[in-house]
Amino acid sequence: MTLSELKIGQTANIVNINAIEPVMRKKLLNLGFLPKAQIQLLRVAPMGDPIAIRCANSSIALRKSIANQIIVER
């Protein structure tokens, strides 16, 4: 399952973010997007892109194309 498949309010644990380009992957790792970290989908923009995510007490907005590359498990 990918991060973009979560419903608003659902939580999941990150399994893999290796499909993301190295520069963006490094930024996400610095924000706490580590394997086994718990994340929660907070909001989805009216047109579906971007989405708001909470991870490690940080809230960030991600493009759906990046969220499609983050593998999670519930």
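**Stop one: the hairpin**

Begin by selecting S2 and S3, which form a hairpin with 6 residues between them, and look in the turn for Gly48, whose phi is positive at about 95 degrees. Strands here are DSSP runs of E with at least two residues, helices are runs of H or I with at least four residues, and both are numbered from the N terminus. The model is a predicted one, in which local features need pLDDT of at least 70 and side-chain atom pairs count only at pLDDT 80 or more, whereas totals for chains, interfaces and linings use all residues. Residues are numbered from 1 along each chain as its sequence is written, and side-chain values use heavy atoms, with hydrogens and water left out.

Now colour residues 38-44 as S2 and residues 51-55 as S3; these strands run antiparallel and are joined by 5 bridges, and two strands count as paired if DSSP finds at least two bridges between them. Among the facing residues, Val44 stands opposite Ile51, and Arg43 has Ala52 as its bridge partner. In the loop between S2 and S3, select Pro50, where the peptide bond coming from Asp49 is cis, with omega near 5 degrees.

**Stop two: the whole sheet**

**Stop three: the nonpolar core**

Which residues have the most contacts inside the largest nonpolar core? Select Leu3, Leu28, Phe33, Ile39, Ile53, Leu62 and Ile70, which hold that position in a core of 20 residues. Such a core is a set of buried Ala, Val, Leu, Ile, Met, Phe, Trp, Tyr and Cys residues joined through side-chain atoms within 4.5 Å, and buried means under 20% relative accessible area, exposed over 50% and partly exposed in between, with a 1.4 Å probe and protein chains only. The elements giving two or more residues to this core are S1, S2, S3, S4 and helix H2 (64-67), and the largest share, 3 residues, comes from S3.

**Stop four: the loop between H1 and S2**

Centre the view on Phe33, which is found in the loop between H1 and S2 and is buried, with a relative accessible area of 1%. Leaving aside neighbours within four places in sequence, Phe33 is in contact with Ile14, Ile17, Leu28, Ile39, Ile53, Cys55, Ile60, Leu62 and Ile70, contact meaning heavy atoms within 4.5 Å. The C-alpha atoms of Phe33 and Asn16, 17 residues apart along the chain, are separated by 9.4 Å.

Lys36 lies in the loop between helix H1 (22-30) and S2; this residue is exposed, with a relative accessible area of 73%, and has a positive phi of about 75 degrees although it is not a glycine.

**Last stop: the loop between S3 and S4**

Finally, select Asn57 in the loop between S3 and S4. Is Asn57 buried or exposed? Asn57 is exposed, with a relative accessible area of 77%, and its phi is near 60 degrees, a positive value in a residue other than glycine.
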